[in-house]
Amino acid sequence: MTVDTLKELRNALDFNKQIDRIVIVRFFSHNCKSCQAVTPKFNRLARLNPNVRFIDVPITKENPDVQQHMNVFAVPFGHIYHPTAGLMEELRMSKSYWSDFEDIFYSYVNEKCDVLGFNYENPLGTKVREVSL
């Protein structure tokens, strides 16, 4: 699936909450050699994981708001969205970072990333000692 505007991307992400799927968003440029190099890897990942929704977002002169609002500072760049928790990861996706991206991707797909059981206030699970002043 390809979306071209910020509104289309937001609509696609909102729809995803209803279908309860992980979403991978790839931000790219048509004239970026690094983007072209990872396209076959991205497409293969999409074919091998039909239970995940993959969205392509081209960064162009016509949609600078996408780059700004989605914090895309380089291409290719990816976001991983969890259906209930929202944006979980913002990652580079070039060839040199691809294996890291794929490892993180599979941690979500294989449910090895415990999103709901994570204590965000005390992520290390250490005892918090109250100090009275």
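A salt bridge is counted here when a side-chain nitrogen of Lys or Arg lies within 4 Å of a carboxyl oxygen of Asp or Glu. The model is predicted, so local features need pLDDT of at least 70 and side-chain atom pairs count only at pLDDT 80 or more, while totals for chains, interfaces and linings use all residues. Residues are numbered from 1 along each chain as its sequence is written, and side-chain values use heavy atoms, with hydrogens and water left out.

The secondary structure of the chain consists of four helices and four strands, where helices (H or I, at least four residues) and strands (E, at least two) are DSSP runs numbered from the N terminus. Read from that end, the elements follow the order α-β-α-β-α-β-β-α. Among contacts (heavy atoms within 4.5 Å) between residues at least 6 apart in sequence, 65% join residues at least 24 apart.

Of the 133 residues, 38% count as buried, a class that means under 20% relative accessible area, with exposed meaning over 50% and partly exposed lying in between (1.4 Å probe, protein chains only). The chain exposes about 8,700 Å², and carbon and sulfur atoms supply 49% of this area.

Side chains of opposite charge can pair when their charged atoms come close. A search of the whole structure finds one salt bridge, and Arg26 forms a salt bridge with Asp56, their closest N and O atoms being 2.7 Å apart. Because Arg26 lies in strand β1 (residues 23-28) and Asp56 in strand β2 (residues 53-58), the pair ties together parts that are 30 residues apart in sequence. Arg26 is buried, with a relative accessible area of 2%, and Asp56 is buried as well, at 13%.

Asp4 lies in the segment before α1 (6-19) and, at 42% relative accessibility, counts as partly exposed. If residues up to four places away in sequence are not counted, Asp4 touches Pro58, Asn63 and Val66; Asp4 and Val66 are 62 residues apart in sequence, yet 8.6 Å apart in space, C-alpha to C-alpha.

Two loops complete the tour. In the loop between α3 (64-69) and β3 (77-82) lies Pro76, and a cis peptide bond with omega of about -5° joins Val75 and Pro76. Lys95 is placed in the loop between β4 (86-92) and α4 (98-109), and counts as exposed at 56% relative accessibility.

Conventions: Areas by Shrake-Rupley, 256 points an atom, 1.4 Å probe, with all protein chains shown as cover.
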